[in-house]
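Take a look at the chain below. The walk-through starts from a database record, then turns to the helices and the surface.

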Amino acid sequence: MSEKQKNATAYWKENLKYLVILLAIWFIVSFGCGILFREALNEIRLGGFKLGFWFAQQGSIYVFVILIFVYVRLMNKLDKKYGYDE
């Protein structure tokens with residue numbers, strides 16, 4: 001295997017690691033906070049709304065958008081690390 005192929009394999013392994021971590025965070029926030037932990041979170045209020053309801057309606061969307069920006073930042077660093085930036 002050439003050096004270029006080794007770099008590409010390492011790049012994609014690291015990329016998939018980031019994807020799995022970020023999607024797990026989104027799953028925990030959207031499914032966990034919006035459905036599983038809703039009862040416990042509903043004891044807390046945010047802007048007059050129960051926190052469980054807020055996560056189910058808006059919180060998971062905000063977290064998803066934040067994770068998109070985190071992913072872009074991580075990929076820019078990864079591109080520079082492996083020399084794929086232009």
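The UniProt entry, which is unreviewed, marks residues 16-37 and 52-72 as "transmembrane region". The model shown here is predicted.

Start with residues 16-37. This stretch is 95% helix and 0% strand. Its end C-alpha atoms lie 28 Å apart. Now move to residues 52-72. Here the chain is 100% helix, with 0% strand. The end C-alpha atoms of this stretch are 28 Å apart.

Next, consider how helices pack. Two packed helices are described by the angle between their axes and the distance between the axes. In this model, helix α1 spans residues 3-36 and helix α3 spans residues 51-82. The two pack at an angle of about 170°, and their axes are 9 Å apart. An angle over 145 degrees counts as roughly antiparallel, so α1 is roughly antiparallel to α3. What kinds of residues make up the contact of α1 with α3? There are 20 nonpolar residues, seven polar ones and three charged ones.

Finally, turn to the surface. A nonpolar patch is formed there by L16, L19, L23, W26, I61, F64, V65, I68, F69 and V72. Together these residues have about 890 Å² of accessible area. Which helix gives the most to the nonpolar patch? It is α3, with six residues. Both α1 and α3 supply at least two residues each. W26, one of the patch residues, is found in helix α1.

Technical notes: Residues numbered from 1 in each chain as written. Predicted model: local features only at pLDDT ≥ 70, side-chain atom pairs only at ≥ 80, totals over all residues. Heavy atoms only, no water. UniProt positions renumbered as here; feature names shortened; annotations may be inferred. Helix = DSSP H or I, 4+ residues; strand = E, 2+ residues; numbered from the N terminus. Axes fitted to C-alpha atoms, helices over the stretch in contact; angles between N-to-C directions. Parallel < 35°, antiparallel > 145°, perpendicular 65-115°, else oblique. Nonpolar A, V, L, I, M, F, W, Y, C, P; charged D, E, K, R; others polar. Patch = residues over 30% accessible without salt bridge, like charges linked within 9 Å, V, L, I, M, F, W, Y side chains within 5 Å. Areas by Shrake-Rupley, 256 points an atom, 1.4 Å probe, with all protein chains shown as cover. Salt bridge = Lys/Arg side-chain N within 4 Å of Asp/Glu carboxyl O.
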